[in-house]
Amino acid sequence: MTMKTFFLLCLTVTSSFVKCQEAGCAKVCPEEYIPVCGSDSRTYGNACELEIAECLMKQQGQTLFSLGPGECSKYTTPKPTTTTKPTTTTPEPTTTTPEPTTTPEPTTTPKPTTTIKSTTVPTTSTPELTTPKPTTTVELTTPEPTTTPELTSTRNPASTQKSIASQKPTATAAVLSKATTTSAKVSTTVKPPVSTQQLPSTTKRQCVYKGCPSPYPYVCGSDYHSYACENNLDYWNCYRGTNVTVVHKGQCGKCQQVKCPADAKPVCARNGKQYQCKEALDYLNCLYDTRIGILYEGQCCENIRPYCYYSDSVCGTDGKTYQCASSLTYWNCRNNNTVQVAHTGSCRTSATSFSKCSLNECAPNSTQVCGNDGKQYACKERLDYLNCVYQTSIKVAKCCTHKGCRYRGVQCGTDGKNYQCENSIDYWNCRNGTNTKIAHSGYCEVAGQYSKCVLKECANDSNPVCASDTNRRYDCKESLDYMNCVRNTSALAYNCCPTTKCRSWEDYVCGSDGTTYSCQKSLDYWNCRRGSSVKAVHTGYCTAKPGQYAKCDLNECSSNDTQICGNDGKKYACKGFLDYMNCLHNSTVLPWQCCTPVPCSYNSRTVCGNDGKNYNCENDIKYWNCRNGTNITALHYGSCVAPPATYAKCPAKPCPADSKPICGSNGKNYDCKEHMEWSSCLYNESVSVEYEGTCCPSFSCSSSSSAVCGTDGQTYQCLNALSYWNCRNGTSVKVAYYDKCNPAITAMVAKACADYKANNCSVSSSFCANNGHTYNGCSLVRAQCSKANGYPKVKYAGSCSWIDSIFG
């Protein structure tokens, strides 16, 4: 007996599992089914379960006893109960699929045109199905085999189907022809009804129950009842007089197999699989807990569902237009038809026209034929069929293939029509049996004139020529004469000159005719066009008057001539070219040495020349000295501070080789005395020599600063004054102590330092330092003489007073 069964017994009798345990009726029963009928008309699984129920009823003051072995159905007749079976309202799914539409006949033109096809893809719409949730009834039952009623599947069109291909239907699904497992959710639990089989009387047969091992090896019978084991199944076959067989091991679950009706039709499910009938699909939905819906009744054609992404529409022999050939195959499967492809493209007439004509199949050895409409047909029979359908008289003609236009260069034919390319002319010549030739490249210009003129063939040795009016290129002179006839012009033929565009970085050039050309290529082109010999005079725009160029003769520079420079800073190819430019501009530029400017560096500074002019850097001064033949020197960095006339009155003198820097009375440094005198003249100042050397920064002593005694025995007003005089005199005097110099202290400190340097520290006197600490001789020497600057400093001899100890 399982704990679950025991728990249900407790709940049934006491309505409390705790009270059942407190009553002391808990007992573990063997897991075997030997039914016993109680006096409460309830069938118990075995005698042990009945004893537990008797114990529990006795605790409540009630009596329970056994009526005998077997189920209660043979002792009492139960009252008929009406059980409302949960029903599922599942309307038959309808498939609304628009049939292929008939497309009106498109218009055709003599020339190939691009037609945009528009077809309607048949769509399928399925109504939404709803299923009321069935109720679940919990009832205490014995291990008697249960029967699960037939379940009606529902499907949710919006649900996502999952593949459960790994699960396979059991052998009981023999009624399914092509069923496979899929998944979608089904949740239906109902109360098992009482078996409808008539239980025969057991008075004439003796059935022996052999028992089942533990745990129960459940088996599923062909009546879709679960049995504890095969012995249990044999017992019930004997008891009921049935012939139930084992379908598979394990419990049957909640699903019951129903045979397909005799008039049942196959159905196509949403998973693309075909099932023998709707009941078979419902059974598998219940068995594998899925909710696969029905797409439509009939043969399943989803494996050939059309995908017409890049295919052309076709016209069927039923007069309907299909999106592509696979779409026609799909609808043939759906409607169980044998419609064939009449031709590619949309149908151009009604369906009745197709029904009047019979389509003969092409012979196996038949070849493709072409009609005089420029289309290709599978065979002669197919052409005759379409002539019957569309009431045309298309005849078999020569097949013409358009090789395509790789480059879209429009050509004008001698018939005055425009063609996409030369291959288009060849194609239409084949189609129409004409001999149209290329008149010229580009679109036709004068309508109706091309056919009046005769185009002669170009000779094999002819050269291309260009028209004098339009510079258009022709294959030969005969082609130009033909176009003169078409245009009614008289253009002359001349050699074709190559036209090359000038680049943005190419310079303009001035020709010897006084005309400015975009670049040298442009000058060469116009020389070719005019048959002239204009030469490039110089780069850039022409600066002289046009009539002046004719008056001056340009002498060619020889290979031995070298480039020269003029005193105007420009370069010339040779001396003869310089003379030519002097003639053009009526100038007198002389040959000069070539001066190359050197660019200034990014950190260069402006300098002032001795001519009173500012230069970007010293390289500029060198360049202009070369250009002008001068000897300008740089006076100083920075812009000039006086007019050029003032610089002329005050000539600068160079410093002697042995000169030393000096400090002027104005506090400024000068390289030498000569520079000081030149600066005094330039700025109109009266400056004298203060002292030799660089100027020392001025100093000032605050009122709180104290005097210091230097190591030279001199008293200085403050520490800044000591630094100033060290700069002035070029010395390195240090601070001995902070106070005016006292000969006794100075001598004592000097002796202490000398002893320290001689490793003989014998001074025993005390000193008060400026930091408020009292030192003896040795400690002061270590603290003072070992420091570079002499810190701490001696303030006075003796111990520090209490004031100095606090304030320092």
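This is a predicted model: local features need pLDDT of at least 70, side-chain atom pairs count only at pLDDT 80 or more; totals for chains, interfaces and linings use all residues.
A disulfide is a pair of cysteine sulfur atoms within 2.5 Å. I started my notebook with that rule, and by it I count 32 disulfides here.

Residues are numbered from 1 along each chain as its sequence is written, and side-chain values use heavy atoms, with hydrogens and water left out.

**Entry: C696 and C727.** I found their sulfur atoms 1.9 Å apart, in a disulfide. This disulfide is left-handed because the torsion about its S-S bond is about -90°. The pair ties together distant parts of the chain, 31 residues apart: C696 sits in the loop between β33 (689-692) and β34 (708-710), and C727 in helix α17 (residues 719-729). Helices (H or I, at least four residues) and strands (E, at least two) are DSSP runs, numbered from the N terminus.

Is C696 buried or exposed? I noted C696 as buried because its relative accessibility is 10%; C727, at 37%, counts as partly exposed. My cut-offs are under 20% relative accessible area for buried, over 50% for exposed, and partly exposed in between (1.4 Å probe, protein chains only).

**Entry: C301 and C333.** I see a disulfide here too, S to S 1.8 Å. Its link is left-handed, with -85° about the S-S bond. C301 lies in the loop between β9 (294-297) and β10 (314-316), while C333 belongs to helix α6 (residues 325-335). Both C301 and C333 are buried.
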